[in-house]
Amino acid sequence: MSLMIERTLAKIAIRQLTGNRKVWWVALLALLPALIAFIAARQTEQSMETVMVETSTLIVSVLLPLLALVVGTGVFGAEIDDGTIAYVLGKPVARWRIVLTRIVVAGAATAALLVPATLLAALVGFQRLDPDGLVLGFAAAVAVGGLLYCALFVALSLTTRRALIVGLIYVVVWEGSLSRLMPGTRALSIREYTLSLAEALAGGKDGMIAASLDGRTALIMGTVVAVLATAHAIRRLKRFEIGEAV
Amino acid sequence: MSTQLLESPSVPLPVSSAAALELRNVSKWYGNVVAVNDITFSLGAGITGLLGPNGAGKSTILHMMSGFLEPSAGEVLVDGRSAWKNPEMYRALGLVPEREAVYPFLTGYEFALMNARLHGLADAKAAAERVIDIVDLRGAMNRRIGTYSKGMRQRAKIAGALVHDPRILLLDEPFNGMDPTQRMQMMDLLKRLAAEGRTILISSHILEELDQLANNVLVVVSGRLAASGHFREIRRLMTDRPHTFNLRSSDDRRLASALVAHPSVHGVELGEHLSVRASDRGSFALALAGIARTAGVTLYELRPTDESLESVFSYLVKR
């Protein structure tokens, strides 16, 4: 047993995710950026930079939260639904270790799907992997953003049986609509943290990524959100009740 | 544990000095619905049956003992320590949940191994191998649980519960889906485990399942502890109660007059059907055909009216 992650629990979570048809359907969407870049490179009259800005927006605003939502709510959701959570909770394993393992697995799974998709889109669009360190910086920010989203969605899955719907409302209404109408809400938006980190890591080259927070603030705010979400998830799991029907 | 029927649910049972499991005035409610109502008992080594009709509160009691539900009132103690929010207690506790689902993508061996590793056993592989043999799953140990029959899944669940050699076992309807041979094997195994000094609690809604297994029985009806004590005594109370049958025949009146002379018949009532109350179901059933033949009456239908478990348990509560 390593210090933080329970390996057996991680393996179970990975096998659950790979057996989840919903995850594979959303994972297919991860190919979309590469497809757009491929078509744009041949047919559009817009500059490739403009196309790649659109593609990066698609990755951060749509694919990342959607994939993290399905994966993050799935690492506990399936077990809660079918009652197999009893085999995890009925063990002398600290609850914080269970939660942390599941968040890390979900974050890693999200990154494993989206980081290669990002690199592939860049390769297709720019005809080379990483002009000026831009793509690697962006991909690293996507990986961190995935982890933040997963912490939030794992906590949500232990809070409500309608985690998928509530998570979707957060992504579409809070991060999508409200952040446009009320820019102040961006201070509490994982999408904004991801974009700000991407801008900072990519060095803000050519204004391709436009974010409202500086990288340091985004990192601090993101860490606070992740820690709070994780602490809430641990607290929920400690008090988690398996009902009569289970 | 003495045999008794409980007039009041709050009457405590004798508390064993070496109680592995103990409930002290435990209640559980969901809003206005009371699932478990002020139950007190304690259990030591041996097999105890937790009996009651579906929805009586057996699973709620087991879930509270398993640390999966917080009691609304009272205390649930495992080895003298609260079961709620106490993961360390699982080192001494093995659980077989009622729900059928087991990770379908794991093989039987992988499931046992997973349980062994989560218990932090030093030689998890050896423990998994050992328990696979105990539940007789060696031939199917490398098949995915998703392909198992219901009985095999039950055995895989029991393997997972036994892998760390627990001193206390809680089994929720463990014989579901098992064929008679598998049941016998499982009963032998549980008897062996009990003889080694373990505390085993088995819930069931089928009286006969516990017949050869549990010496002590706790009967739960509508969330209350209705009776507790030696199995045979409870069984006698259940079977000695009057049984009511509805009969249809070629001549109900003549059959009624013939039946009323038989010692096993308490009373008859003529209406749409001929209703007969018998004190002893066995001797009445044996005598009925002969009585009808002697009276020259043809029997068309014989239907017991109150054989549901709910009515049996209700009888116990009313006593």
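Which helices do the buried residues of H2(B) pack against? The views below take up this question after a short note on the model.

**Note on the model.** This is a predicted model, in which local features need pLDDT of at least 70 and side-chain atom pairs count only at pLDDT 80 or more, while totals for chains, interfaces and linings use all residues. Residues are numbered from 1 along each chain as its sequence is written, and chains are lettered from A and ligands numbered from 1 in the order in which they are written.

**View 1. Chain B as a whole.** The secondary structure of chain B comprises nine helices and 15 strands, where helices (H or I, at least four residues) and strands (E, at least two) are DSSP runs numbered from the N terminus. Of its 319 residues, 44% are buried, a residue being buried if 20 or more other C-beta atoms, placed from the backbone, lie within 10 Å of its own.

**View 2. Helix H2 of chain B and its neighbours.** Helix H2 (residues 108-118) of chain B is mostly covered, with eleven of its eleven residues buried, among them Tyr109(B), Phe111(B) and Arg117(B). These buried residues pack against H1 of chain A, and also against helix H3 (124-134) and helix H4 (150-162) of chain B. Just after H2(B), Gly120(B) adopts a positive phi of about 70°.

**View 3. The contact between chains A and B.** In this interface, 22 residues of chain A are in contact with 26 residues of chain B, two residues being in contact if their C-beta atoms, placed from the backbone, lie within 7 Å. On the chain A side, the elements that give two or more residues are helix H1 (7-18) and helix H5 (85-89).

**View 4. An open sheet in chain B.** Four strands of chain B form an open, antiparallel sheet in the order E3-E2-E5-E6, with strands counted as paired if DSSP finds at least two bridges between them. Strand E3 (33-43) and strand E6 (81-82) are the edge strands, each pairing on one side only. Strand E2 (residues 21-30) is joined to E3(B) by seven bridges, and Leu23(B) has Phe41(B) as its bridge partner in E3(B).

**View 5. Confidence along chain B.** The mean pLDDT of chain B is 85, with 87% of its residues reaching 70 or more; pLDDT is the predictor's confidence in each residue, from 0 to 100. Among the elements of chain B, H2(B) has the highest mean pLDDT (96) and strand E1 (residues 4-5) the lowest (46). Over residues 1-17 of chain B, pLDDT stays under 50. The model scores ipTM 0.86 and pTM 0.81.

How values were computed: Buried ≥ 20, exposed ≤ 12 C-beta atoms within 10 Å, placed from the backbone.
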